[in-house]
Amino acid sequence: MTLWQEIKEGTVISFAALRANKLRSGLTTLGIVIGIVTVTLMATAIQGLNSAFRASISSMGSDTLYIHRFSWFNDSHAEWLKAFRRPYITLDQIEALSQQATLIKAITPFSDCRLPVTYKNRTSKSVTVLGCNEQFVNIAGNTVAEGRFFNAAEASGGRPVCTIGSGIATNLFPNISPIGKKIRVGGSTVEIVGIMSQQGNFLGAFSLDNQVIVPMRYYTLAFQHVSDYEIHIRVASMEQIEDSKEEIRGILRKIRHVPAGVEDNFAINQQEMFISTFNRIGGIIASAGLFITGLSLFVGGIGIMNIMFVSVAERTKEIGIRKAIGAKRRTILMQFLTEAAGICLFAGLLGLAIAFPLTLVIRQFLPATLSLPIVGLAVGVSLFTGVVSGFLPAWRAARMNPVDALRND
Amino acid sequence: MALIQLTKISRRYVMGSETIHALREVDVSISRGEYVAIMGPSGSGKSTLMNLLGCLDTPSSGEFLLNGSNVSHMDDNQLAELRNREIGFVFQSFHLLPRSDALHNVELPLIYSGMTPSLRRQRALDVLAHVGLGDRVHHKPNEMSGGQRQRVAIARALVNNPSILLADEPTGNLDSRTGDEIMVLFEELWRKGNTIILVTHEEVVARHARRIIRLRDGLIASDEPSPGASALQAVEHP
């Protein structure tokens, strides 16, 4: 008898056995049902958290590099101290880089500070003021909603013009169009030439719409003479991102006079780092959550094991008969394993049916749906639980001596 | 060569500190086509002998050759395969699967031997018709009389064309009329060439066999042709 035949035969037998003990089977499945419901909900919530994060992170653009003295994520305080001692990146270095780099689409220096912004009698106390060049609009994952971005001539001329975020526009100009109006930023006056479209906030931390963007030349003149500049670069193509990084690294090392064999005194950051860090932390949360919910499945599994022991005991004679007429150990083992797996599979499907409406509730808070992989996971986990918890009872059945089993009444 | 050859077979059971000698160096030889009854009071070792002959158990010492293969040292799975192929069991209390219909009960040995569904179904139906239950194939055991149940059990025993039909008190749970019918069926099967071993403590039943082996205290007390066989034969088949 092949394994496949044994499973098929086992399925037929277990269906008959389950039908014969409806109430008992139903009660036994309860533990597994609850376990599967919690596991499914937990997995759905984790997935929802993931996609919420991804939606947030997409504002960074996957083909964008962020170069700074500091790496976004430091593994230790010592590493942070080392980065702290690195020399600033200067505007001249950025200029040289933009001359020499070939595998890039756009490049801008980047610096920001927080200043109050006033129009007539209305004031926003703390606004992010960004200094950059005209290419910024091609790098940030954002577009101009109204008016225009400042142009190359205004950037190189250091003109007092700005593009404002949609938040500033609605706060300071509730009724009129801000284009052409002059606002006071810190102690200087700049003219609004355009409004960016709404972007929302970044990981719930700060608003990307509460910004005033000015030409870097004007920024250094009016707000910060020397600052710790960053470089934002959009690479020529996503496929070549590694080549671009290598090229930029080589040029920067040369410009910043890093001797061979000494590590970089700058860091090339990208969206991926956020994702991998999130994945690491998210992974820990997910495994802890799934472990805790897994405990309820474990309890359910013990219930299954218990009931399978009862089932084996009360069918001792049947086992004896089957063995007498030629059932091998494996055949009996498979029969009871199939039965345990069948109970758990049924419980798993029932659990999914209960979990589905509950995921719709979660959906109110997170972009979560009961996805196919989660359904697969739930089915797989329930089958696995069945096989594991059914094994010991099935093994006992398989090892029974036919003479003793037949004598049992 | 004998179909069954037992040489100095012993079977001991250890019960706590005591060792029970159920069989003591028994020699038995049974040829193909024989109709043998094994008799003896309880405790004589007859059940032990039946378990050994049915390959449900292995001897503590001695050699058991069945159809040329040595059973004495086989493991669980080899014994299961051997039982499936060589032995057809008929038990006193029928031992049918209560939730399965007659057809499925009879099919079971064929399922374990790995026969394809269509073939085994046909074979099971044929054998059921042969024992006179062609119109009862979808009845479950509790929907049948004792005699019918025993016929299902006999059909199940025959379905794999075993070398030996091993019947343990086959009429023990039947009234005498039904019991007689079952014995007539055995007689018929024997005449068709089946080897039958009957384990019983009833003299009347044993007389249907052509040879009677009597056990006492784990030893063979006598082994001789059945006294009633010729007389019975004269009555039933004049």
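**Close-up views of a predicted two-chain model**

**View 1. Helix H1 of chain B against strands of chain B.** In this predicted model, helix H1 (residues 46–53) of chain B lies across S1, S2 and strand S4 (61–66) of chain B, and its direction makes an angle of about 120° with S1(B). An open sheet of four strands in chain B has the order S2-S1-S4-S5, with antiparallel pairing. Strand S2 (18–30) and strand S5 (69–70) of chain B are the edge strands, each pairing on one side only.

**View 2. Pairing of strands S1 and S2 of chain B.** Strand S1 (residues 4–15) of chain B runs antiparallel to S2(B), to which nine bridges join it. One of the residue pairs is B:Tyr13 with its bridge partner B:Ile20 in S2(B).

**View 3. Strand S7 of chain B and its neighbours.** Five of the five residues of strand S7 (residues 164–168) of chain B are buried, so the strand is largely enclosed by the rest of the structure. B:Ile164, B:Leu166 and B:Asp168 point one way from S7(B), whereas B:Leu165 and B:Ala167 point the other way. Strand S6 (residues 87–90) of chain B runs parallel to S7(B) and is joined to it by four bridges; B:Ile87 has B:Ile164 as its bridge partner in S7(B). Five bridges pair S7(B) with strand S8 (residues 195–200) of chain B, also in the parallel sense, and B:Leu166 stands opposite B:Ile197 in S8(B). From S7(B) the chain passes through helix H6 (residues 176–191) of chain B to S8(B), a right-handed β-α-β crossover.

**View 4. Contact of chains A and B.** Chain A contributes 19 residues to the contact and chain B 20 residues. On the side of chain A that touches chain B, helix H1 (3–20), helix H11 (316–324), helix H12 (329–362) and helix H14 (402–407) of chain A each supply at least two residues. This side of chain A has ten nonpolar, four polar and five charged residues.

Methods. Residues are numbered from 1 along each chain as its sequence is written. Chains are lettered from A and ligands numbered from 1 in the order in which they are written. This is a predicted model: local features need pLDDT of at least 70, side-chain atom pairs count only at pLDDT 80 or more; totals for chains, interfaces and linings use all residues. Two residues are in contact if their C-beta atoms, placed from the backbone, lie within 7 Å. Ala, Val, Leu, Ile, Met, Phe, Trp, Tyr, Cys and Pro count as nonpolar, Asp, Glu, Lys and Arg as charged, and the others, Gly among them, as polar. Two strands pair if DSSP finds at least two bridges between them. Axes are lines fitted to C-alpha atoms, for helices over the stretch in contact, and angles run from 0 to 180 degrees between N-to-C directions. A residue is buried if 20 or more other C-beta atoms lie within 10 Å of its own, exposed if 12 or fewer, and partly exposed in between; C-beta atoms are placed from the backbone. A crossover is right-handed if, with the strands pointing away from the viewer, the path from the first strand over the helix to the second runs clockwise.
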